[in-house]
Amino acid sequence: MTAIAPPVASAHRRVRTRSEQRRQSWVRRAPLLPALLFTIIVTQLPFLVTLYYSVESWSLVRPGSRHFVGFSNYVQVFTDSQFRTTALNTIIMTVGSVLIAMLIGVGLALVLDHKFIGRGVVRTLLITPFLIMPVGAALLWKTTMFDPTFGFVNFILRPFGIGHFDWISSFPLGSVMIEMIWQWTPFMMLLVLAGLQSQPRDILEAAATDGARPPAIFRELTLPHLRRYIELGIVLGAIYVVNDFDAVYMMTHGGPGISSANLPFYIYQRAFLGFQVGQAAAMGVVVVVATIIIATFALRLIFTSFSGTEEAA
Amino acid sequence: MTTASRRASLRPGKKSIATEPGAAQRASRRRTVRRKRRTNSVTMGIVGWFLGIVFFFPVLWMVITSFKTEAQAYTNSPTIVFRPTLSEYSAVFHSGVWPYVANSAFATVVSTLIVLALATPCAFALSLRPVRKTRDVLFFFISTKMLPVVAAIIPIYIAARDLHMLDNVFTLIVLYTAMNLPIAVWMMRSFFLEVPGELLEAAEMDGAPLRRTVTEVILPVVAPGLAATALICCIFAWNEFFLAVNITATKAATMPVFLVGFISSEGLYFAQLAAAATVATLPVVLAGWIAQRQLVRGLSFGAIK
Amino acid sequence: MAEVKYENATCIYPGADRPAVDSLALAVKDGEFVVMVGPSGCGKTTALRMLAGLEEIDDGSIRIDGQDMVGVPSRDRDIAMVFQNYALYPSKTVAENMGFALKMHGVPKDERARRVREAAKLLDLEQFLDRKPRHLSGGQRQRVAMGRAIVREPKVFCMDEPLSNLDAQLRVQTRTQIAELQRRLKVTTVYVTHDQVEAMTMGDRVAVMRLGKLQQFASPTELYDHPANVFVAGFIGSPAMNRLEGTLTPDGIHTGGVTIRPPDALLRAAQGHGKLVVGIRPEHLSVGGSDLALKVELVEDLGSDSYIYGHLSGDRDAKIIVRAGREHPQPGELIKVGVDTAHLHLFDAASGERVGE
């Protein structure tokens with residue numbers, strides 16, 4: 001058989017007509033549009049408006065006081081010592097809670113990866129903190145656990161000589177962090193557990209036959225496999241925790257002073273208690289920019305490491 | 001003992017007992033292995049149960065407290081033994097909690113239905129043969145979820161105020177829908193991707209038009225995923241506080257807001273508080289227990305199954 | 001009447017540098033069982049899917065019963081397909097799976113039930129009619145997939161490697177069942193497989209494909225006895241035909257250190273081809289002859305006969321397989337092997353094409 005010219009060059013090539021192609025692509029796009037448009041309108045527009053507000057000085061209690069001030073709101077934000085304090089608080093809260101939650105989460109996942117009686121029940125118990133309404137959980141910790149007189153924590157520590165200790169006033173940041181860790185550990189645990197259970201058993205068996213003992217298997221095989229799950233957990237967890245408003249609001253209202261306020265709470269204070277729209281908007285923009293930086297990591301992880309569809313074994 | 005026999009008894013492995021394990025020895029070795037496995041499982045069991053109870057304890061304590069009277073709850077050392085009573089629950093229900101429950105339920109259910117209606121076709125379109133645009137759209141959806149609400153709340157509040165939509169449950173519905181759409185789209189997409197392509201081809205060869213392929217072939221396969229997505233959207237909508245507290249006041253307030261108002265207005269009544277908190281959190285905890293297996297998928301945007 | 005004709009049909013995937021199916025020309029007679037076979041990537045599955053309407057016909061056309069199928073969607077082609085992974089609807093029972101297509105075409109319920117029952121009887125599925133696919137074994141699922149196709153009484157059956165997910169024993173059993181079924185129903189069938197044993201035992205005619213191009217389309221015997229090129233010669237038959245390099249000399253073909261004299265007609269046809277590939281099947285070599293010298297490397301003793309694997313003494317890389325009986329030499333031995341020149345095949349070394357008829 002002689003070589004045939006590639007069909008692309010052939011005059012008979014049956015190309016889909018332009019209008020067919022356009023119709024096909026419409027059919028493909030149409031189902032997308034309602035969800036997409038809705039999301040754009042409800043989420044992007046407000047953010048653009050926030051940008052706009054951030055360059056104005058506007059107090060809601062003094063209508064008619066709106067005027068353009070350029071970047072002075074931003075300058076105020078960065079020179080505001082309270083902003084710096086709350087930013088620092090946010091970082092401490094986020095980094096501390098996420099890392100500790102992940103550490104505990106890995107431990108819990110390792111335990112749950114073994115078969116034992118009632119494993120399903122234990123798993124159910126362990127995920128419950130995550131399901132509790134955040135304000136409910138904050139309330140819970142504030143009253144039944146940390147309350148100086150009637151709280152359970154003090155009851156437990158009484159034999160050790162500590163009683164009537166006001167945890168929340170003395171360690172505001174710490175108390176909030178404990179509550180956050182309690183709430184977010186299940187999330188980390190679930191992610192890591194999914195990672196443990198997705199490890200193909202035959203690789204572990206091969207290692208055992210090769211003479212590796214369990215600690216070595218964990219170090220050489222399991223941990224590298226878990227790496228991307230842990231990374232994902234840390235990054236996603238950070239994004240959620242950074243924005244956590246409920247815990248601060250319920251437990252300490254940011255106090256004493258602003259020692260336990262984080263950025264979302266501080267911005268809320270400025271906007272709804274201080275009615276300083278322009279400044280609050282500027283702070284919001286700053287927080288967004290910071291979140292975008294973390295989010296880029298998250299997105300890269302989700303898109304490459306997990307490729308959104310099937311993972312290789 | 002002669003030198004020879006002493007040497008024989010010292011040589012490793014060459015005992016006078018046969019080096020071949022007899023039936024008795026084999027049985028004892030087998031028992032050791034099984035015992036080790038069982039100990040492992042028992043140890044893990046003990047550790048697991050201990051940790052589970054420790055973590056669950058605050059919740060347990062809350063529920064226990066809710067069945068006490070105020071006097072029993074307000075003691076220096078917690079009362080462990082007591083006669084349970086529903087008095088605090090009835091106090092909660094008589095304190096006007098029902099409108100809050102109604103608002104929460106309404107906002108949750110309606111927003112979830114809308115989310116499913118919008119997300120399912122969207123996710124389906126995104127699960128077909130991937131185009132460059134697919135990735136961009138998915139990227140966009142996730143990014144909206146990652147941006148802090150706090151940056152958008154001011155315009156939303158002002159817009160709602162100007163439109164006289166403050167303290168309106170429908171405003172909440174709109175916001176919750178936007179909040180849950182990204183998760184729903186990603187989750188549903190991951191479920192659609194699990195439908196084998198061959199199934200769709202078989203349906204096409206069998207002469208099924210698109211509509212019937214969707215209803216008779218795809219939806220039944222994807223139904224559990226739909227249910228799981230719905231449950232997870234319900235969880236997030238019900239628990240949501242920040243938007244609710246800022247957008248609503250009295251008419252459209254939801255359960256989280258109820259809890260807050262509860263504290264400040266009534267002072268600290270532990271037992272009643274515990275009852276209120278139990279009532280507020282119970283539906284979602286149950287939903288979460290049911291949808292446990294799919295929780296990971298929802299939280300990781302479908303990246304992890 | 002359901003003739004299937006591929007008329008220079010071509011399919012090229014976007015971004016690929018060669019067509020998946022390159023100008024395929026094939027005519028399947030009504031009621032014929034045609035097997036498309038070849039190594040992976042040869043285009044056989046794509047060709048099947050073009051017929052079923054699951055791949056675009058980018059150039060040329062495919063005709064079913066004389067009607068051009070270009071642009072015609074699958075559901076209008078009256079073709080039933082059996083998929084490699086069965087593609088059974090998981091939420092439906094066996095009976096519903098089998099009746100689905102009829103339901104889509106508006107066939108009334110009683111008629112549907114009757115046809116499903118008939119097909120179930122044919123395939124021994126009657127006791128499973130109310131079960132869902134997940135409660136069936138692999139073999140049972142495969143039968144349901146077939147039943148789904150049979151019930152439609154279509155013009156053409158398309159089968160995409162339906163046996164590849166079955167274990168070896170079941171595969172052999174099902175193979176014969178499918179062949180019998182087709183003979184009974186007399187429906188034109190196009191069947192794709194990578195297993196040449198399936199091809200040889202099931203097909204009325206077999207199309208061997210490679211890299212998108214048709215190599216030869218003929219009956220199994222014809223393919224075996226008169227392969228059209230070196231590729232077909234090596235692909236059909238197991239163990240594969242021995243292929244040696246050779247050069248034309250006045251006396252015959254010089255290969256393996258000796259000169260072999262083919263029959264006169266063949267020698268005449270070989271004139272003008274300087275370099276040749278000499279092909280001879282293992283069963284046409286005999287131990288104890290006087291033509292080739294072989295060093296034995298390995299012997300596979302299959303009970304009834306044995307296969308001797310070795311190389312030409314003097315050329316490590318020239319591998320030879322000889323079929324022998326129960327008595328056979330041992331590895332390491334040097335033996336002499338005779339060539340049955342009546343069954344010699346010659347191919348042009350450059351083009352691979354067969355020389356002679």
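The exercises below apply to a predicted model.

**Exercise 1.** Determine how helix α5 of chain A and helix α13 of chain B are oriented to each other.

*Solution.* 
1. The helices concerned are α5 (residues 119-131) of chain A and α13 (residues 270-290) of chain B, whose axes come within 10 Å.
2. The axes of α5(A) and α13(B) cross at roughly 135 degrees.
3. The crossing of α5(A) past α13(B) is right-handed.

**Exercise 2.** State which residues of α5(A) and α13(B) meet, and classify them.

*Solution.* 
1. From α5(A) come T124(A), I127(A), T128(A) and L131(A); they meet V284(B), V285(B), G288(B) and W289(B) of α13(B).
2. Sorted by class, this contact comprises 5 nonpolar and 3 polar residues, with no charged residues.

**Exercise 3.** Describe the contact between chains A and B as a whole, and the composition of the side that chain A contributes.

*Solution.* 
1. Chain A supplies 79 residues to the contact and chain B supplies 81 residues.
2. On the side of chain A, helix α2 (residues 32-54) gives the largest share, 13 residues.
3. The side of chain A that touches chain B consists of 59 nonpolar, 16 polar and 4 charged residues.

**Exercise 4.** Identify where in chain B confidence is lowest and where it is highest.

*Solution.* 
1. For chain B as a whole, the average pLDDT is 82, and 87% of the residues score at least 70.
2. The lowest confidence in chain B lies in helix α1 (residues 3-10), with a mean of 48, while the highest lies in helix α5 (residues 98-127) of chain B, at 92.
3. Residues 7-16 of chain B have a pLDDT below 50, and this stretch has 4 contacts in the model beyond near neighbours in sequence.
4. Where pLDDT is low, predicted coordinates should not be read in detail.

**Exercise 5.** Characterise the folds of chains A and C by secondary structure, burial and contact separation.

*Solution.* 
1. Chain A contains 14 helices and 2 strands, whereas chain C contains 9 helices and 20 strands.
2. Buried residues make up 41% of the 313 residues of chain A and 44% of the 357 residues of chain C.
3. Among contacts with a separation of 6 or more, residues 24 or more positions apart account for 70% in chain A and 65% in chain C.
4. Along the principal axes, the C-alpha atoms of chain C fill a box of roughly 75 × 45 × 35 Å.

Conventions
Residues are numbered from 1 along each chain as its sequence is written. Chains are lettered from A and ligands numbered from 1 in the order in which they are written. This is a predicted model: local features need pLDDT of at least 70, side-chain atom pairs count only at pLDDT 80 or more; totals for chains, interfaces and linings use all residues. pLDDT is the predictor's confidence in each residue, from 0 to 100. Helices (H or I, at least four residues) and strands (E, at least two) are DSSP runs, numbered from the N terminus. Two residues are in contact if their C-beta atoms, placed from the backbone, lie within 7 Å. Axes are lines fitted to C-alpha atoms, for helices over the stretch in contact, and angles run from 0 to 180 degrees between N-to-C directions. Angles under 35 degrees count as roughly parallel, over 145 as roughly antiparallel, 65 to 115 as roughly perpendicular and the rest as oblique. A crossing is left-handed if the near helix is turned anticlockwise from the far one by less than a right angle, and right-handed if clockwise. Ala, Val, Leu, Ile, Met, Phe, Trp, Tyr, Cys and Pro count as nonpolar, Asp, Glu, Lys and Arg as charged, and the others, Gly among them, as polar. A residue is buried if 20 or more other C-beta atoms lie within 10 Å of its own, exposed if 12 or fewer, and partly exposed in between; C-beta atoms are placed from the backbone.
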